[in-house]
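Have a look at the model first, then read on.

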Amino acid sequence: MRRIALALVTVAALSGHAFAQAPTPEAAPGAKPNANPCSDEVSAALQKLRKSAWFRMDTHMLTENGPTQMQVDYVLPDRMHQTVTDKLTNKTTELILVGNEAWSKQDEKGWRPLPQKVTDQVKNQMQESVVTQQTDIGSYACKGRTQLQGRDVFSYRLDNEPEKGSTATSNQAYRMFYVDALTGLPSSNTILAPGHEDKPIFRTSYTFPIDMKIDPPKDVVAPPPAPQSQGSEPAPGK
């Protein structure tokens, strides 16, 4: 359960600066005058994605446990299905959120309802990272039109300004985001290391399946009965 929650947090942390829009979109409400136009495009695309009724994120990333694959389906405003697979052990965990209820599944142990406190955390995380418009999307630079997996895309690089006194070098990993030139919808989001661009540290692909549907699981395992407190057992002979 903890691992599933952490995986969701990872998605939120990595998706905050994850979306980019083709040139000349309508600026997002509240955009600052004379702001970086590329960042304005990112903000507008983020808003556009949130207006989608549904979308899927397929992510491949390197974690402390090794290569990990994660698929997250969103049906807005309050449905999510997350599947996380550890590629070294091939173990899979799943989480489903529908409204105010959530369930988790580990391997073949069946679906179990999550405690309400954990469910609220998952729900709030989805609202903050996916549904609610973000005001700080970072500083992006437009990198022009290119080809990605056989499609025309517009590319953007997230510029990380070094903090005052920082000793970080220019060899640090950086984020690129790609937007489908035809639809203006997100195509891919990657974190790359200089000199190793063919092996992304993190890569997400965005798709929009027309048949996506998220419902509560049918084979839910009943939670174990709560232990009886002392003194609740019937007296002998009764």
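Is Gln-149 buried or exposed? Gln-149 counts as exposed, because its relative accessible area is 65%, and exposed means over 50%. Bear in mind that this is a predicted model. Here's the rest of the picture, by topic.

**The sheet**
- The strands form an open sheet of 11, in the order E6-E5-E4-E3-E2-E1-E11-E10-E9-E8-E7, with antiparallel pairing.
- At the edges stand E6 (111-113) and E7 (139-148); each has a single partner strand, so one side of each is left without a neighbour in the sheet.
- On average, neighbouring strands are turned by 15 degrees against each other, direction ignored.
- Zooming in on one pair, E4 (residues 91-98) and E5 (residues 101-106) run antiparallel and share six bridges. Thr-93 has Gln-106 in E5 as its bridge partner.

**Helices on the sheet**
- H3 (residues 116-131) packs on the sheet and touches E1, E2 (66-75), E3 (79-86), E4 and E5, with its direction at about 80 degrees to that of E4.
- H2 (residues 37-50) lies across E1 (54-63), E7, E8 (151-159) and E10 (186-192), running at about 70 degrees to E7.

- Asn-90 is exposed, at 57% relative accessible area.
- Between E2 and E3, the loop holds Pro-77; the peptide bond from Leu-76 to Pro-77 is cis, with omega near 15 degrees.

Notes. Residues are numbered from 1 along each chain as its sequence is written. This is a predicted model: local features need pLDDT of at least 70, side-chain atom pairs count only at pLDDT 80 or more; totals for chains, interfaces and linings use all residues. Side-chain values use heavy atoms; hydrogens and water are left out. Two strands pair if DSSP finds at least two bridges between them. Helices (H or I, at least four residues) and strands (E, at least two) are DSSP runs, numbered from the N terminus. Axes are lines fitted to C-alpha atoms, for helices over the stretch in contact, and angles run from 0 to 180 degrees between N-to-C directions. Contact means heavy atoms within 4.5 Å. Buried means under 20% relative accessible area, exposed over 50%, partly exposed in between (1.4 Å probe, protein chains only).
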